[in-house]
Amino acid sequence: MADRSLTSFIEEVSGDSHLRVEDDLGDGFVRLRSAEAERRQARHDIRSTEDIVIEMLRNARDAHARSIFVALSREGTLRRICMVDDGDGIPIPMQPRVFEPRVTSKLDTMHVDKWGVHGRGMALFSIAENARSACVVASDKGKGASLAVETDLEELPEKADQSSMPVFGYDSEGELQIRGPRNINRLVCEFAYEHRSSLSVYCGSPTDIAATLYDFGMATVSSNARAFATDASEFPVAKRLCLAIDPESFAELAAAIGLPMSQRSARRILDGSIRSLESIADSLVFEDERTGHGKASKRHGGDARGLRIDGADLTEFSTALKTAFADLAQRYYLESDIEPDIRVSREGIRVNFPVSKLL
C-alpha cells in the first residue's frame, strides 16, 4: 500500500516523466529508459498500413509458413487486416505476450531482406503501437495462426490508390522491373514473387479468403478426419473451415479465425458460387516486352521468362507423382489423396506435397 501511495505521489508531482527518463543529464538532456526508447522506435518503424502488411507477411514467413492468406477489408476510415498462415503457430500461453517488445521465437536467427532487418522481436510490438487493435485470433503450437489488426486511416495512412495492381517486367538486361503505386497489392505481390519457390500467398476480401481456406482444407484433410471431427481447435487454423457442415457452422468457424461473415456468404461458398483464389504468384501480370501489354503468368505452367511445360505433360507428371506419393503415404499413415504443388520457374521444378496425418 505504501509503495502504491508513493508511486501515486510521484505521478501527481512529475506526471509520467519518471517512467520515461532514466537519467536527467542537465541542460534539457535526458537519457530515456529502454522501454520508452523502444516505444518511440516502434512508432517510427510503422509509418503506413503497407508497413503493417509487410511486417505481418515476414512474421508468417519466419514462422515457416508454406501458405499465407491475407484478408483485407475497409469500412470508412477503418482498415482491417486478417492474416492466416500454416506456420509454427503460437502456444496459447504466449499469445498475450507476442505483442510485447523483444519477444521472439528466433533466438539464433535473424532475417535481413529487401525490407530490412527482421527477427529482433519488435515487429508485432511495432504493429500494436501503431494500430487501434492487434490480436492473435486463433493459434496453437504447430497449428499455424490467425492474426487480426485494425487501423484508423486518419491516424495511420495508406496509399490513396489501393485498387491498382502492379505490372512486372524485365528490362533489356534481364533485370526485374515493377510498375505501379506502392500500395498493399504491390507489396503483397512483391513478397509473393520474392518467395515464390518456398511459399504461396493469397490475398483478397475476407469472403474470398474464406472460400480459399475452405478449398485448402478440403484438399489436405481426409474425408474420414472431417467426418469424425468433434473439436475444430484440434486442426490447423488454416484447415478448420473444411469442417463446416452447413452455412451456420461455416459462419461460426470463419468468425472464430477472424473472418466474420453472413450465413448467406457462407452458403455461397459451400455451393461453389464463390470460388477460391489463385495464389498471387500464379496471377502476376508480366508486361510483354514486344507489345507493352500485360499478361498473366501461370506459375504451374512456367515462369514468365523461363521453362514452359505443356499442360498435358504437366498433368501426366502430376499423376505419376501422386501414384508415387500414395505408396509412401500408406507406409507412414498419411492422407494419400493429395494434389502435388508443382512450381516451374527459371531456377528449376519444385514439387511439394502437403502432409496430413490420418486421424
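Biologist: What order do the five strands of the open sheet come in?
Modeller: In this predicted model, the order is S7-S8-S4-S3-S11, with mixed pairing.

Biologist: Which strands stand at the edges?
Modeller: Strand S7 (133-139) and strand S11 (200-204). Each has a single partner strand, so one side of each has no neighbour in the sheet.

Biologist: And how about the twist, what's the average from one strand to the next?
Modeller: The average is 15°.

Biologist: Back to S7, how many bridges join S7 to S8?
Modeller: Six, and the two run antiparallel, with S8 covering residues 145-152. To place yourself in that pair, look for Ala 134, which sits opposite Val 149 in S8.

Biologist: OK, helices. Which strands does H4 lie across?
Modeller: Helix H4 (residues 49-62) lies across strand S3 (67-75), strand S4 (78-85), S8 and S11. Its angle to S4 is about 10°.

Biologist: What span should H4 have, and how far apart are its end C-alpha atoms?
Modeller: With 14 residues at 1.5 Å a residue, H4 should span 20 Å. The end C-alpha atoms are 20 Å apart, so that agrees.

Biologist: Is H4 largely enclosed or largely open?
Modeller: Largely enclosed by the rest of the structure, because twelve of its 14 residues are buried.

Biologist: What follows H4?
Modeller: His 64 follows H4, and its phi is positive, near 65°.

Biologist: Which residues touch the most other members of the largest nonpolar core?
Modeller: Leu 57, Ile 68 and Val 201, out of 38 residues in that core. Several elements supply at least two residues each, including H4, S3, helix H5 (123-130) and helix H6 (184-194).

Biologist: What does Leu 57 touch?
Modeller: Leaving out residues up to four places away in sequence, Leu 57 touches Ile 68, Val 70, Met 83, Val 188, Phe 191 and Val 201.

Biologist: And what's in the second core?
Modeller: That one is separate and has 32 residues, including Ala 138, Leu 213, Leu 241 and Ala 254.

Biologist: New topic: how do S9 and S10 pair?
Modeller: They pair in the antiparallel sense over four bridges, S10 being residues 176-179. Gly 169 is opposite Gln 177 in S10.

Biologist: How many residues lie between the strands of that hairpin?
Modeller: Five, and in this hairpin Gly 174 takes a positive phi near 85°.

Technical notes: Residues are numbered from 1 along each chain as its sequence is written. This is a predicted model: local features need pLDDT of at least 70, side-chain atom pairs count only at pLDDT 80 or more; totals for chains, interfaces and linings use all residues. Side-chain values use heavy atoms; hydrogens and water are left out. Two strands pair if DSSP finds at least two bridges between them. Axes are lines fitted to C-alpha atoms, for helices over the stretch in contact, and angles run from 0 to 180 degrees between N-to-C directions. Contact means heavy atoms within 4.5 Å. The expected span of a helix is 1.5 Å times one less than its number of residues. Buried means under 20% relative accessible area, exposed over 50%, partly exposed in between (1.4 Å probe, protein chains only). A nonpolar core is a set of buried Ala, Val, Leu, Ile, Met, Phe, Trp, Tyr and Cys residues joined through side-chain atoms within 4.5 Å.
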